[in-house]
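User: Hi! Could you walk me through a protein model I just opened?
Analyst: Happy to, let's look at it together.

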Amino acid sequence: MVIVKIVYCRPCGYLDRALELARDLLQYFENIKVEIEQGKNGIFDVYLNDELIFSRYKEKRFPENMEILKEVGKRINNGNQ
């Protein structure tokens, strides 16, 4: 099973963004588990099986949901689950 973890900044109000991404992932993929974890300091990171695949800090922006869906799909299809 693929596990996607979304770590978001609760004080910054990023919960809605995290929930929207989680919903899209759950609607798009069948065999997936999505975890949402509270963080702080402006964090919005997305992990696939404990590997960081997107960091708001590094990218200086939020991810587009479709780019996360594509990245997860690509890694699942390549057998890197």
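Here is a chat about the overall fold and a few residues.

User: What kind of model is this?
Analyst: This is a predicted model.

User: Okay, how many helices and strands does the protein chain have?
Analyst: The protein chain has 3 helices and 4 strands. Reading from the N terminus, the order is β-α-β-β-β-α-α.

User: What is the radius of gyration, and what would a compact globule have?
Analyst: The protein chain has a radius of gyration of 12 Å, and a compact globule with 81 residues would have one near 12 Å, so the two agree. Along its principal axes, the C-alpha trace spans about 35 × 20 × 20 Å.

User: And what share of the residues is buried?
Analyst: Buried residues are 40% of the 81 in the protein chain.

User: Let's zoom in. Where is Asp-24?
Analyst: Asp-24 sits in helix 1, which covers residues 15-28.

User: Is Asp-24 buried or exposed?
Analyst: Asp-24 is buried, because its relative accessible area is 17% and the cut-off for buried is under 20%.

User: Which residues is Asp-24 in contact with, leaving aside neighbours within four places in sequence?
Analyst: With those neighbours set aside, Asp-24 is in contact with Asn-65 and Leu-69. The side chains of Asp-24 and Arg-23 are also joined by a polar contact of 3.2 Å.

User: New topic: what's the phi of Asn-49?
Analyst: Phi of Asn-49 is near 50°, a positive value in a residue that isn't glycine. Most residues other than glycine have a negative phi.

User: Where does Asn-49 lie?
Analyst: Asn-49 lies in the loop between strand 3 (44-48) and strand 4 (51-55). With a relative accessible area of 26%, Asn-49 is partly exposed.

User: What about the phi of Lys-60?
Analyst: Lys-60 has a positive phi of about 65°, although it is not a glycine. Lys-60 is in the loop between helix 2 (56-59) and helix 3 (65-77).

User: Why does Lys-60 count as exposed?
Analyst: Lys-60 counts as exposed because its relative accessibility is 66%, and exposed means over 50%.

Notes. Residues are numbered from 1 along each chain as its sequence is written. This is a predicted model: local features need pLDDT of at least 70, side-chain atom pairs count only at pLDDT 80 or more; totals for chains, interfaces and linings use all residues. Side-chain values use heavy atoms; hydrogens and water are left out. Helices (H or I, at least four residues) and strands (E, at least two) are DSSP runs, numbered from the N terminus. Buried means under 20% relative accessible area, exposed over 50%, partly exposed in between (1.4 Å probe, protein chains only). A polar contact is a pair of N or O atoms within 3.5 Å; within protein, one must be able to donate a hydrogen and the other to accept it, and residues adjacent in sequence count only if both atoms are side-chain atoms. Contact means heavy atoms within 4.5 Å. The radius of gyration is taken over C-alpha atoms; the globule rule is 2.2 Å times the number of residues to the power 0.38.
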